[in-house]
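Here is a model to look at.

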Amino acid sequence: LLSIFVCSQNQRFVYEYSFKMDSLNRDKVEKELMNLDISKEGSYFYSALLIVRDSLFKAEFEKANATKSMVLDMRKIKKSKVNFRISKTYPSFETVYHSMLNATNLAIKEVDKIKWTVLSETKTIEKFKAQKATTTFGGRNWIAWFTNDIQIQDGPYKFCGLPGLILTIEDDKGDHQFRFVGNQKIEHEQGLMDSKMKDIFVTKEKFNFLWNEYKKDPAKNIKLIHSSSQMSETLFYNANNGSPMSKQDLIKGKEERAAESFKKNNNFIEVALYK
């Protein structure tokens, strides 16, 4: 009865994603709630903060429009720590990784089919009977627990293909873990701003090349934009204190923030994409 109920309606399964992005500081664990929205057509996996962001952005835009001012206060909007979204199409389970790199929306179709080893071991997770399965994917060894009580062959991130919903999955080093924390019926699919943006499809190899190019010169886009004649007289202001900023200040700030981010974020869920 539960499986019929779930499949006949749009459902949101919520996971807590725990991750250690700094390989030199494994005591630091980041956490973020993630949504797996499921419909008859497929699923969409993304940070729950994106819904809040879109709602606040809409409110700020309407406020600016009502006052005839196009000044948007983006400081109220909490940024997601997770820079990826995953879409799957049913019944083929074609899986696409969506991410932004250097202000460009990139997408990668997954070509590697996940091969599972289903084991006999069982336990109870959130009142569901769960069974153990293992796989090697993305340069990591994974341990999953799925339930036949929910007849959906899907799960968090790219993981799918087991005879039931994946409730928890983590790599054997404990660096990345997805844990089911609840679910609810939703009236319709979530129309995020990100999902409406046009993606540029690339291979995994091309994505890795672009990532390394970005690491070499993270401010390249800013330099190109501000070298144009249309931007030559543009004045910029610091969003925090309102003080004027030169183009050199913008570039320097971007390079410094990127360098700090590269040091602290070096333990991505798929090793090969960001090597």
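Q: Why is aspartate 171 called buried?
A: Its relative accessible area is 2%. Buried means under 20%, exposed over 50%, and partly exposed in between, with a 1.4 Å probe and protein chains only. Aspartate 171 is therefore buried.

Q: What kind of model is this, and what are the ground rules?
A: This is a predicted model, in which local features need pLDDT of at least 70, side-chain atom pairs count only at pLDDT 80 or more, and totals for chains, interfaces and linings use all residues. Residues are numbered from 1 along each chain as its sequence is written, and side-chain values use heavy atoms, with hydrogens and water left out.

Q: Where does aspartate 171 lie?
A: Aspartate 171 is in strand 10, residues 165-171. Strands (E, at least two residues) and helices (H or I, at least four) are DSSP runs, numbered from the N terminus.

Q: What makes the pair of aspartate 171 and arginine 140 a polar contact?
A: Their side chains come to 3.4 Å. A polar contact is a pair of N or O atoms within 3.5 Å; within protein, one must be able to donate a hydrogen and the other to accept it, and residues adjacent in sequence count only if both atoms are side-chain atoms. The pair therefore qualifies as a polar contact. The side chain of aspartate 171 also reaches the backbone nitrogen of aspartate 175, at 2.9 Å.

Q: Which residues does aspartate 171 touch, not counting residues up to four places away in sequence?
A: Arg140, Asn141, Trp142 and His176. Contact means heavy atoms within 4.5 Å.

Q: How many residues of strand 1 are buried?
A: Nine of the nine residues in strand 1 (residues 11-19) are buried. Both faces are covered. Gln11, Phe13, Tyr15, Tyr17 and Phe19 are buried on one side, and Arg12, Val14, Glu16 and Ser18 on the other.

Q: How do you know that strand 1 pairs with strand 2?
A: Nine bridges join strand 1 to strand 2 (residues 30-38). Two strands pair if DSSP finds at least two bridges between them. The count meets that cut-off, so strand 1 and strand 2 are a pair. They run antiparallel. Valine 14 stands opposite asparagine 35 in strand 2.

Q: What joins strand 1 to strand 11?
A: Nine bridges, in the antiparallel sense, with strand 11 at residues 176-185. Phenylalanine 13 has asparagine 183 as its bridge partner there.

Q: What holds paired strands together in general?
A: Strands of a sheet pair through backbone hydrogen bonds, either parallel or antiparallel.

Q: What is the order of strands in the open sheet?
A: Twelve strands run 7-8-9-10-11-1-2-3-4-5-6-12, with mixed pairing.

Q: Why are strand 7 and strand 12 said to stand at the edges?
A: Each has a single partner strand, so one side of each is left without a neighbour in the sheet. Strand 12 is residues 200-201.

Q: How many bridges link strand 7 and strand 8?
A: Six, in the antiparallel sense, between residues 117-125 and residues 128-137. Among the facing residues, threonine 124 stands opposite lysine 129, and valine 118 has alanine 133 as its bridge partner. Two residues lie between the strands of this hairpin, where glutamate 126 takes a positive phi near 50°.

Q: Why is phenylalanine 93 called partly exposed?
A: Its relative accessibility is 23%. Phenylalanine 93 sits in the loop between strand 4 and strand 5. Its phi is positive, about 60°, although it is not a glycine.

Q: What makes the bond from tyrosine 90 to proline 91 cis?
A: Its omega is near 0°. Proline 91 is in the loop between strand 4 (84-89) and strand 5 (94-101).

Q: Which residues of helix 3 are buried?
A: Lys204, Phe207, Asn208, Trp211 and Tyr214. They cover an arc of only 120° around the axis, which puts them on the same side of helix 3. The arc is that of the directions from the helix axis to the C-beta atoms. Their cover includes strand 5, strand 6 and helix 5 (247-264). The face turned away from the buried side carries the exposed residues Glu205 and Lys216.
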